[in-house]
Amino acid sequence: MTTTSPWQNRQRSDRAPVPLRHGSQVSKREDEAMQRFRRYGLGQFIHFGLYSILGNEYQGVSARDGAPASEWIRAWRGPSAPDGWTAIYDRLNEQFDPTELDARQWARQAKQLGARYVIFTTKHHDGFALWPTAHSDYSIANSPAAGRDLVAEVVDAYTAEGIDVFLYFSVLDWHHPGYSDQVPTDDAGRAAWQEFLSYTRGQLLELLDRYPAARGLWFDGTWGKAWIASHEFTYELERELRERRPGLIIGSRFRNDEHGARHFDSNGALLGDYEQGWERKLPADHAMLAGNDWDCVMTIGPNGWGWTRDTGDDYLKTTDDLIELLMRCRSMDGNLVINFGPDGAGRMTAHEGQIATELGAWVAAHAAAIHDAGHVDLDPTGMGWLTGTDDRIFLTVLNRPVTGIARLRFPGDAERVPTAARILDSGRELELRRTDLGLDLDDASYVDVRIPAGLVTERAFVIELELGAPDAPARRREAARM
Ligand code: FHN
């Protein structure tokens, strides 16, 4: 079996179909759950677990040069790693006690941010479960926080705020003795791997049964060779999960087909309900998505999802950066999911608090351009990002033109063109003109919106354009004769 690059099969419709036993089980869904997903616009990711106690350092020594990311600190290697590090890490459950964690407070902050869904790490790669799982001793039940169930706290608090919950689940598990990255080659290894698969299935069904309000499973750590080789098991498990919870949303990271094709099967069909490969990166354009649903998960700092005590001179994305990313995602019909990494006590950071306040205020004032609005089939403007509905277009202006004119190009035969323009948050009316630029061989119609010189905004502003029938047909022009 060869492992195919996740993206290699994206466009495979031009070839004769490959017979597949473990290909995609779904086609584009139009049910209520997926309609909601399409309107989320903005989400919150929360990485919380044993690693949050450390903040990417141990006893004053930074893991920056030895671990790939703060939540990967268990993998700390090299000269700076403390002696016996893995064993030290694995006993962090004995200190896990997030006394300041108030999920209702988190949920209120997420509401303020404008998030419509949250993805919460029930179990990250270290294998420590934040709910009292019946399938392992390595859980909150074996910590000073015994008696609590953080998954229940989050599901209940966010659901009460009207925010949908997706459960993050890492298949990669550094704690379970049966987990293996490599395909087992002897009987003992195969038995251990079977034991691991049954534990994984048990935990996933347990999550669905315990938290019926959760809307989706967000999988991670599915790149190991043994998991990839277990395509028959994962195919059946997907079927079982969907039967157990009709309407459940599963991203494309969960499993692969029998040829090792991930995200898209060997015939190019999406292996899940939405593209889940957009981690800290965005599609180049809307066309490459071929109509698939997707979200982009994004850190505020550089790569690193758990709490970092000392962010040093790391660049932390600002509210303006996140506005730009959010509107870029929406212009391609995707959701932006911003990661928060609370500290070991369960407190969000000051910067995250600032983002929730500032970005939340912007999102609330521009909600019409975000949640129900999606891709608009017009030329990019260079001024910012276009989103729209059937009767409105929104231009989020990030690069204000020095001409004072926001110009949009419509096809000459467009049946609906802007008939009125205003600033979305204030309702201020703007002057609008259809313009014949006099460009020969260009049958487009141009619409100019005058941006008042006196308009001062602290952040990106949004021009709302109302669409209606053109009041006069676009004039035909003769090409210049030479
Ligand atoms: O390895 C993880 C990482 O720690 C983090 O959880 C991100 C979030 O999308 N996912 C993995 C890398 O793809």
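Which residues are the closest to the ligand? They are His47, Glu71, His125, Asp220 and Glu279. The legends below take this site and several other places in turn. This is a predicted model, in which local features need pLDDT of at least 70, side-chain atom pairs count only at pLDDT 80 or more, and totals for chains, interfaces and linings use all residues. Residues are numbered from 1 along each chain as its sequence is written, and side-chain values use heavy atoms, with hydrogens and water left out.

**View 1. The ligand and its shell.** The ligand is surrounded by 14 residues (a residue is near a molecule if one of its heavy atoms lies within 4 Å of it). Seven of the shell residues are nonpolar, three are polar and four are charged. Here Ala, Val, Leu, Ile, Met, Phe, Trp, Tyr, Cys and Pro count as nonpolar, Asp, Glu, Lys and Arg as charged, and the others, Gly among them, as polar. A ligand nitrogen lies 2.6 Å from an N or O atom in the side chain of Asp220. A ligand oxygen lies 2.7 Å from an N or O atom in the side chain of Glu279. For the side chain of Arg253, the distance from one of its N or O atoms to a ligand oxygen is 3.3 Å. The protein covers 90% of the 330 Å² of accessible area that the ligand has on its own (Shrake-Rupley method, 1.4 Å probe).

**View 2. Gln276 in strand 8.** Gln276 sits in strand 8, residues 275–279. Helices (H or I, at least four residues) and strands (E, at least two) are DSSP runs, numbered from the N terminus. With a relative accessibility of 1%, Gln276 counts as buried. Buried means under 20% relative accessible area, exposed over 50%, and partly exposed in between (1.4 Å probe, protein chains only). The Gln276 side chain reaches the backbone oxygen of Phe219 at 2.9 Å. Beyond four places in sequence, the contacts of Gln276 include Trp218, Ser252 and Arg253 (contact means heavy atoms within 4.5 Å).

**View 3. Helix 5 and its cover.** Leu150, Val151, Val154, Val155, Ala157 and Tyr158 are the buried residues of helix 5, residues 150–160. Their cover includes strand 1 (42–46), helix 4 (103–113), strand 4 (117–123) and strand 5 (164–170). An α-helix has 3.6 residues a turn, so residues three or four places apart point the same way. At the helix start, a side-chain oxygen of Asp149 comes to within 3.0 Å of the backbone nitrogen of Val151. Gly162 follows helix 5, and its phi is positive, near 80°.

View 4. Leu398 is placed in the loop between strand 12 (392–397) and strand 13 (405–410). Leu398 is partly exposed, at 31% relative accessible area. Its C-alpha atom is 5.9 Å from that of Met383, 15 residues apart along the chain. Arg459 belongs to the loop between strand 17 (445–450) and strand 18 (461–468). Arg459 counts as buried, at 18% relative accessibility. Among the residues it touches are Asp320, Glu358 and Trp362.

View 5. Asn56 has a positive phi, near 70°. This residue lies in the loop between helix 2 (51–54) and strand 2 (57–58). Is Asn56 buried or exposed? Asn56 is buried, with a relative accessible area of 10%. Ala290 also has a positive phi, near 50°. Ala290 lies in the loop between strand 8 and strand 9 (294–298). Ala290 is exposed, with a relative accessible area of 58%.

Technical notes
A polar contact is a pair of N or O atoms within 3.5 Å; within protein, one must be able to donate a hydrogen and the other to accept it, and residues adjacent in sequence count only if both atoms are side-chain atoms.
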